[in-house]
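Work through these exercises with the model open. Each task is followed by a stepwise solution.

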Amino acid sequence: MAAGTQVKNVEVRDIARIERIGAHSHIRGLGLDDSLEARAVSQGMVGQQMARRAAGVVLGMIKEGKIAGRAVLLAGPPGTGKTAIAMGISKSLGKDTPFTAMAGSEIYSLEMSKTEALTQAIRKSIGIRIKEETEIIEGEVVEIQVERPATGVGAKVGKLTLKTTEMETVYDLGTKMIDALTKEKVQSGDVITIDKATGKISRIGRSFTRARDYDATGPQTRFVQCPEGELQKRKEVVHTVSIHEIDVINSRTHGFLALFSGDTGEIKPEVREQINTKIAEWREEGKAEISPGVLFIDEVHMLDIECFSFLNRALEDEMAPVVIMATNRGITNIRGTNYTSPHGIPIDLLDRMIIISTSQYRESELREILKIRCEEEDCELSDDALTVLTRIAMETSLRYAIQLITLAGLVSRRRKSNEVEIEDVKKVYSLFLDEGRSTQILSEYQDQYLYDQKPDVGGSGEPMDL
Ligand SMILES: Nc1ncnc2c1ncn2[C@@H]1O[C@H](COP(=O)(O)OP(=O)(O)OP(=O)(O)O)[C@@H](O)[C@H]1O
Ligand SMILES: [Mg+2]
């Protein structure tokens with residue numbers, strides 16, 4: 001470094017991790033114990049015990065993987081945790097069980113027909129486990145010898161000695177393998193596997209016999225036994241993909257890149273037929289297994305009669321997933337008809353469903369949910385403020401109260417406090433209207449708005465006395 005140059009004091013700032021907090025990010029499962037009984041507060045879930053218990057039974061059914069084509073309806077008033085319970089189910093499923101979530105309104109897109117959108121959603125929710133046998137070499141590295149050409153140019157050659165508890169073999173190495181070994185930092189005493197087809201090298205850990213070589217071990221070193229038996233082994237690997245993925249990959253017009261853009265368009269029925277035949281063959285040969293997953297359709301009253309009839313039929317297919325639907329509608333019009341029906345769902349479909357109902361929360365439960373949301377949003381709330389917020393949730397809605405948490409947090413930070421006090425909650429309550437007060441104002445001043453038609457709306461709209 002040239003004399004006189006000053007070394008700048010580089011400030012190292014902590015980069016705050018930016019995590020998006022979604023409406024259901026506090027839900028980590030259904031919060032059930034081993035006997036499927038719902039714990040009062042667990043995994044971010046509060047109350048609603050009957051519904052959670054029922055969801056637990058459904059979850060068990062799905063996990064068994066044997067039952068397909070069942071339909072479950074979560075029905076209840078707005079803000080009673082229907083979507084939250086579906087998210088809880090999704091979190092409790094293993095990564096090998098597909099879970100697809102969609103809103104009823106998603107099917108109305110210009111790009112594809114309604115039934116195609118539903119078919120894709122259904123096929124996204126069916127997993128297929130494909131078994132593949134590969135040959136690998138697995139052993140403990142005894143020695144790696146690399147000879148570099150004296151001139152520095154030309155191919156590198158070398159030898160790799162691997163052993164198991166029973167045998168030891170020397171393999172010739174070419175440049176590619178030497179590079180791969182160097183890249184993986186393989187040294188003697190490591191237990192490695194080499195995939196024979198691809199040449200991929202993976203380090204499994206260090207052999208126990210080398211546990212005393214302190215130099216070569218870091219804190220994260222994993223110790224493993226020296227493998228037994230033959231060096232060459234057959235290994236079974238299982239990949240889980242959804243049938244939709246297979247569809248897209250085999251659809252000539254799109255190709256697998258469409259999987260990343262999501263721009264898959266319509267898939268021809270012939271392609272699907274071919275794939276279904278292929279999957280049936282794989283199943284017969286024992287190469288593949290079907291694992292029916294879950295399709296969650298939120299706001300299901302947005303579907304119309306054609307979709308319902310399509311679903312009715314699709315549920316009967318042998319490869320159908322479990323379909324969970326949610327709605328907050330009472331007896332209402334079935335979209336696309338002049339008939340009304342409970343939840344806006346045709347009776348023949350309702351008849352095939354099992355219905356889980358959710359009910360309004362008690363004050364203590366609302367308090368607990370709000371408390372969990374405060375923790376989730378890293379917002380300290382004084383006890384009094386929480387009491388006021390709970391009252392707001394009782395009088396208006398849980399959703400409105402949850403929204404106020406973030407806002408009150410911002411207001412308290414403005415006055416350089418780490419804790420949200422009653423005053424902050426009161427302030428945001430007066431700044432931001434809930435549905436009831438907004439309706440009240442609209443009906444008072446409606447003549448000042450455009451296109452007014454005297455609404456016939458409910459809601460007391462009286463502001464609360466906080
Ligand atoms: N039992 C619960 N435990 C924890 N959080 C809950 C519970 N019930 C609801 N919530 C939370 O309250 C908010 C509203 O609930 P949710 O969105 O699940 O209602 P919903 O029944 O789906 O309502 P809508 O019919 O309007 O769709 C969400 O942020 C949700 O995570
Ligand atoms: Mg919902």
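The exercises cover a helix, a pocket and a ligand site. This is a predicted model, where local features need pLDDT of at least 70 and side-chain atom pairs count only at pLDDT 80 or more, while totals for chains, interfaces and linings use all residues. Residues are numbered from 1 along each chain as its sequence is written, and side-chain values use heavy atoms, with hydrogens and water left out.

**Exercise 1.** Check the span of helix α1 (residues 49-64).

Solution. 
- Helices are DSSP runs of H or I, at least four residues, and strands are runs of E, at least two.
- The expected span is 1.5 Å times one less than the number of residues.
- Just after α1, Gly65 has a positive phi of about 75°.

**Exercise 2.** Find which element supplies the largest share of the lining of the largest pocket.

Solution. 
- Lining residues have an atom within 4 Å of a pocket point, on a 1 Å grid with a 1.4 Å probe; a pocket is an open set with protein on both sides within 12 Å along at least five of seven lines.
- The volume is about 770 Å³.
- Of 38 lining residues, those closest to the centre include His24, His26 and Arg373.
- α12 gives the largest share, nine residues.

**Exercise 3.** Which atoms lie by the oxygen atoms of ligand 1?

Solution. 
- Backbone: an N or O atom of Gly81 is 3.1 Å from a ligand 1 oxygen.
- Side chains: a polar atom of Thr83 is 2.7 Å from a ligand 1 oxygen, and an N or O atom of Asn328 is 3.0 Å from one.

Technical notes: Chains lettered and ligands numbered in written order. Points joined across faces, edges and corners; volume = space filled by probe spheres on them. Polar contact = N/O pair within 3.5 Å; in protein donor to acceptor, adjacent residues only side chain to side chain.
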